[in-house]
Amino acid sequence: MEIPIDGGDSISESEGGDLDEDGFPWVSFSDEEAIDRTVGDDSERESFASEFYRSGTEWSCLIDSKEKKLVQADLFRMWGFKRPSQVQEGSSSRVSSKKMRRSDGGDRSIGPAKKGSVGGNNRPRICPFYKKIPGTSFTVDAFRYGRIDGCLAYFLTHFHGDHYGGLNKGWSHGPIYCTPLTARLVKMCLSVNPQYICPLELNVEYIIEGIKVTMLEANHCPGAALIHFGLHDGQSYLHTGDFRACKQMQSYPILLNKRIDVLYLDTTYCNPKYKFPLREEVVNFVVKIARNSLENRPKTLIVVGAYSIGKEHVYLSISQELGVPIYTNASRRRILQSFGWHELSGKLSSDGHSTPLHVLPLPHLRHENLKQYLRTQGQSFTSVLAFRPTGWTFSESIGSQLDRIRPNSNGNVVIYGVPYSEHSSFTELREFVQFLKPKKIIPTVNVGNAAHRDQMQSYFRQWKLDAARKEGAHFYHPGPKFVTDRGLNGKIQNGSRKE
DNA sequence: GCGATCAGCT
DNA sequence: CACAGCTGATCGC
């Protein structure tokens with residue numbers, strides 16, 4: 001129980017008067033850090049409240065139908081403050097009115113970046129509270145904050161940089177729990193000491209620190225998991241990590257007809273302007289275009305853009321449907337091989353000239369780049385057909401009508417942006433939430449902007465009202481009723497104001 | 001020089 | 001705008 005000087009989270013326990021004007025505990029820092037602080041107003045005191053607000057949960061709870069408002073005491077309880085049973089744990093910081101450094105939360109979604117410190121800036125960051133699971137000693141996707149005070153188990157939902165950031169071969173802060181596939185990637189790509197890596201099979205209940213933990217397929221990228229926590233007191237939480245909600249999730253036994261008290265929700269596309277088709281439809285579309293292209297011009301090079309992991313179905317389907325292998329560079333091949341995904345591994349080729357299907361890093365899919373790439377391929381190919389699979393090829397006019405997608409052409413290079421998303425669309429989110437009926441929702445994405453938070457909260461509230469009304473209508477008024485979903489959706493504002 | 005991280009970019 | 005990176009700059013070691 002030593003004083004955290006390594007950048008660990010140091011939100012203090014708050015007994016007595018160490019509260020800010022809003023009645024929240026102060027975020028405290030060591031003297032050293034306060035002195036190191038060169039930016040910012042001396043008199044500007046950053047409180048836990050401002051961190052709390054910035055992180056976007058003050059309204060992010062489904063409000064009871066009885067309009068019961070959230071009171072401060074609920075918040076304290078919810079986030080583990082003022083819990084007598086926990087008082088002994090590292091309450092290191094007797095906070096006087098020390099200077100409060102702002103915490104940027106480490107995520108770009110949390111507030112604007114501070115100027116004045118660049119490059120290898122290693123000042124400690126504070127773990128946002130929504131990455132901590134209350135009532136447990138767990139954090140989720142929180143590796144960039146050094147050792148987190150009181151955290152005994154660090155969960156990783158999936159292997160994307162913005163979630164594992166901070167993990168490296170020097171990691172020694174505690175056990176990392178993730179799916180076996182993610183575990184292999186953490187070991188292979190980040191050289192994390194294997195003694196810290198704890199793989200958890202999907203759909204198996206484990207007891208960790210006395211808490212029931214179950215990993216569930218998240219329908220995001222390979223290895224991605226939803227994490228279900230069953231607490232001693234019967235509370236149960238679901239953390240979605242990043243996920244794409246789908247019908248199949250409604251048959252997960254641990255979710256079916258079970259109460260979820262808190263849902264930590266991937267709200268990446270929590271706005272009705274985000275509509276996209278099922279991934280199968282997009283894949284069929286891509287395959288169709290690719291086939292036509294190859295038939296009309298046999299010397300077409302088909303390029304699919306992808307980040308480290310994810311989007312595999314796009315190029316695997318082309319490979320399977322057109323009967324061509326997949327070329328990609330050695331580093332990606334190594335990663336794809338590690339999936340243990342037999343159909344995929346069997347299609348990989350190390351010879352770019354032997355197949356018209358190449359996978360390249362997504363940022364490379366630009367006309368100039370692709371022209372140059374074509375030149376490096378000798379005379380095997382004379383034109384390029386490229387696909388950028390990304391969720392934010394949104395365009396409301398296109399909606400789910402794939403045929404209306406127009407490619408960008410430049411000479412012999414054609415680039416299609418296709419709405420292949422590995423996050424839930426707005427309607428998928430709504431259906432999932434209305435299925436799960438969580439008591440509270442904590443958004444984990446787009447929480448850095450107050451307008452976005454309010455917007456999301458109003459959607460949550462509307463979903464709940466709609467669901468309740470539907471049940472009521474069904475009970476009292478059998479037969480078709482006002483089943484319009486145009487309720488709040490009309491008033492979308494462009495809330496992209498900077499704070 | 002190497003690894004890690006940040007702003008800026010897409 | 002968002003994704004989930006990448007690039008180049010800049011720090012500590």
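Predicted model: local features only at pLDDT ≥ 70, side-chain atom pairs only at ≥ 80, totals over all residues.
The structure holds 17 aromatic pairs.

Now to the strands, and to S9 in particular, which covers residues 236–239. Ser236 and Leu238 point one way from S9, while Tyr237 and His239 point the other way. Are these residues buried or exposed? All of them are buried.

S9 has a strand partner in S8, residues 225–230, and the two pair in the antiparallel sense over 4 bridges. If you'd like to find one of those contacts on the screen, look for histidine 228, whose bridge partner in S9 is leucine 238. The hairpin of S8 and S9 has 5 residues between the strands, and there glycine 234 takes a positive phi near 95°.

S9 also pairs with S10, residues 262–265, this time in the parallel sense and over 3 bridges. Here histidine 239 stands opposite tyrosine 264 in S10.

How many salt bridges does the structure hold? The count is 8. Among them is the one between arginine 244 and glutamate 428, whose closest N and O atoms are 2.9 Å apart. This pair links distant parts of the chain: arginine 244 sits in the loop between S9 and S10, glutamate 428 is in helix H11 (residues 426–436), and 184 residues separate them. Arginine 244 is buried, with a relative accessible area of 2%. Glutamate 428 has 14% relative accessibility, so it counts as buried as well, the cut-off being under 20%.

My last stop is aspartate 261. Its salt bridge with arginine 259 has its closest N and O atoms 3.0 Å apart. Aspartate 261 is buried at 4%, whereas arginine 259 is partly exposed at 43%. Aspartate 261 also meets lysine 439 in a salt bridge, at 3.7 Å from N to O. Aspartate 261 lies in the loop between S9 and S10, and lysine 439 in the loop between H11 and strand S18, so this pair ties together parts that are 178 residues apart in sequence. Through shared partners, Arg259, Asp261 and Lys439 are joined into one network.

Technical notes:
Residues numbered from 1 in each chain as written. Chains lettered and ligands numbered in written order. Heavy atoms only, no water. Buried < 20%, exposed > 50% of the residue type's maximum accessible area, 1.4 Å probe, protein only. Pairing = 2+ DSSP bridges. Phe/Tyr/Trp six-rings, centres within 6.5 Å; stacked < 30°, edge-to-face > 60°. Salt bridge = Lys/Arg side-chain N within 4 Å of Asp/Glu carboxyl O.
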